[in-house]
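Subject: Structure handover

Hi,

Here is the structure I promised to pass on. Please open it first, then read my notes below.

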Amino acid sequence: MKALPERPRVLVITLRRLGDVLLTTPLIRSIKRALPAATIEALVFAGTEGILSGNPDLAGVIAIPQRPDAGESFALLRRLLRRYDLALSTQTGDRPTAWAWIAGRQSAGAVEADGIAAALKRLALSLAYPTDRRSHRVLEVLQLAERLGIPALPEIVCPAGDVRSGLIPTHPYAVVHAAPMYTYKRWTAAGWRKLAAALRERGLATIVCGAEGDGGYLDEVWGECDVARLDGKLEWPELSALIGAARIYVGPDTAVTHLAAATGTQTIALYGPTDPRTWGPWPAGGLDRPWAASGTIQHRGNVWLVQNPLPCLPCQEEGCERRLDSHSRCLDELSAVQVLVAVDRALAMRRAA
């Protein structure tokens, strides 16, 4: 690759879900620290841009529809065409690679190990390398920095911004996020209720977060439980601040759990089919050693990862029925007692600290 200008324009492309976008922030930070005069922008799917709110390393965020029509695609083409000195694709997919080639005078990204598509991408990109899907997603993304000769900084950047006065309680509280995007990542309603009761016994109020569309499911989960409902009422910077000031956070495999881990709050992550070696929460300060594929309770930094280690775990499938609305036996049979063991260990560590 050629040397970049003194004040380069850089585009980082992540066309995936919220958690993926958040886990791209270490790459953005690495670039900004190595090239402080650079103007960095991100290209993401509409609906995921909020998790980049207030990111000090970004000059702007471009949000595009997941399925743009011909007119939208043409407008984006005109907007991006060779506008950047360097465009980076954080995925091996056809679309992010194509946009990197279109947007950048130079471009770089990971590609599949072999095949015709991989060969074409190697021709299109100024710098291409085979992806390592065995490593954690944060480390996988940071390979881009290393390939560019930039020191890799494994630091997730949380959303930041204005927080409404009085939003953060003055009394001790826990934040619980019970509603993942997909059914196969859900724990049981009975488990969540037992958790809330146990947190109350430990002197902690329970604050429930979630998306606006989660209301119906959360009505079923919480019923008449003594919890404070803030689902659908928080912007990402407010959610980040609320979790950051909590005594503890408990949630399943979601973007919010990744955010909780990054805030430094003691985080209890309930994992089912997902492989934590690749997608486990990234603790504040980094991952001192990789997550194991499965275990009863694993501890890294400020994160406690709880699993029901059935022989099939982690299957990396969409539940036992292989579809998004499937149940997952490993989560259905995860006991509240086991979760509370992790809660007590995390609270004890917080008190000791």
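How many of the five residues of strand S10 (residues 248-252) are buried? Five of the five are, so S10 is largely enclosed by the rest of the structure. Keep in mind throughout that this is a predicted model.

Strand S7 (residues 173-177) pairs with S10 in the parallel sense, over three bridges. Look for Ala174, which stands opposite Ile248 in S10. Strand S11 (residues 267-270) is joined to S10 by four bridges, and these two strands also run parallel. Here Val250 has Ile268 in S11 as its bridge partner.

**The six-stranded sheet**

Next, go to the open sheet. Six strands form it, in the order S3-S2-S1-S4-S5-S6, and the pairing is parallel. Strand S3 (60-64) and strand S6 (127-130) are the edge strands, each pairing on one side only. From one strand to the next, the twist averages 15 degrees.

Within this sheet, S4 and S5 run parallel and are joined by five bridges. Leu86 stands opposite Gln106 in S5.

Two helices to check against the sheet:

- Helix H2 (residues 25-34) lies across S1, S2 and S4 and runs at about 170 degrees to S1.
- H3 packs on the sheet and touches S1, S2, S3 and S4, with its direction at about 155 degrees to that of S3.

**Helix H4**

Which residues of helix H4 (residues 94-103) are buried? Pro96, Thr97, Trp99, Ala100, Ile102 and Ala103 are. Their cover includes strand S1 (9-14), strand S2 (39-45), strand S4 (84-89) and strand S5 (104-111). It also includes helix H3 (70-80) and helix H5 (116-124).

**Two helix pairs**

Two packed helices are described by the angle between their axes and the distance between the axes.

Take H9 and H10 to begin with. Helix H9 (residues 236-244) packs against helix H10 (residues 255-263) at an angle of about 55 degrees, and the axes are 9 Å apart. The two are therefore oblique to each other. Their crossing is right-handed. On the H9 side, the contact uses Trp236, Leu239, Ser240, Ile243 and Gly244. These meet Val256, Leu259, Ala260 and Thr263 in H10. By class, that contact has six nonpolar, three polar and no charged residues.

Now H7 and H8. Helix H7 (residues 189-201) and helix H8 (residues 215-222) pack at an angle of about 65 degrees, with axes 8 Å apart. Ala189, Trp192, Arg193 and Ala196 come from H7. They meet Tyr217, Glu220, Val221 and Trp222 in H8. This contact divides into six nonpolar, no polar and two charged residues.

**Lys2**

Is Lys2 buried or exposed? Lys2 has 68% relative accessibility, so it counts as exposed; the cut-off for exposed is over 50%. You will find Lys2 in the segment before S1. Its C-alpha atom is separated by 22 Å from that of Ala42, which is 40 residues away along the chain.

Best wishes

Notes
Residues numbered from 1 in each chain as written. Predicted model: local features only at pLDDT ≥ 70, side-chain atom pairs only at ≥ 80, totals over all residues. Heavy atoms only, no water. Axes fitted to C-alpha atoms, helices over the stretch in contact; angles between N-to-C directions. Parallel < 35°, antiparallel > 145°, perpendicular 65-115°, else oblique. Left-handed = near helix turned anticlockwise from the far one by under 90°. Contact = heavy atoms within 4.5 Å. Nonpolar A, V, L, I, M, F, W, Y, C, P; charged D, E, K, R; others polar. Buried < 20%, exposed > 50% of the residue type's maximum accessible area, 1.4 Å probe, protein only. Pairing = 2+ DSSP bridges.
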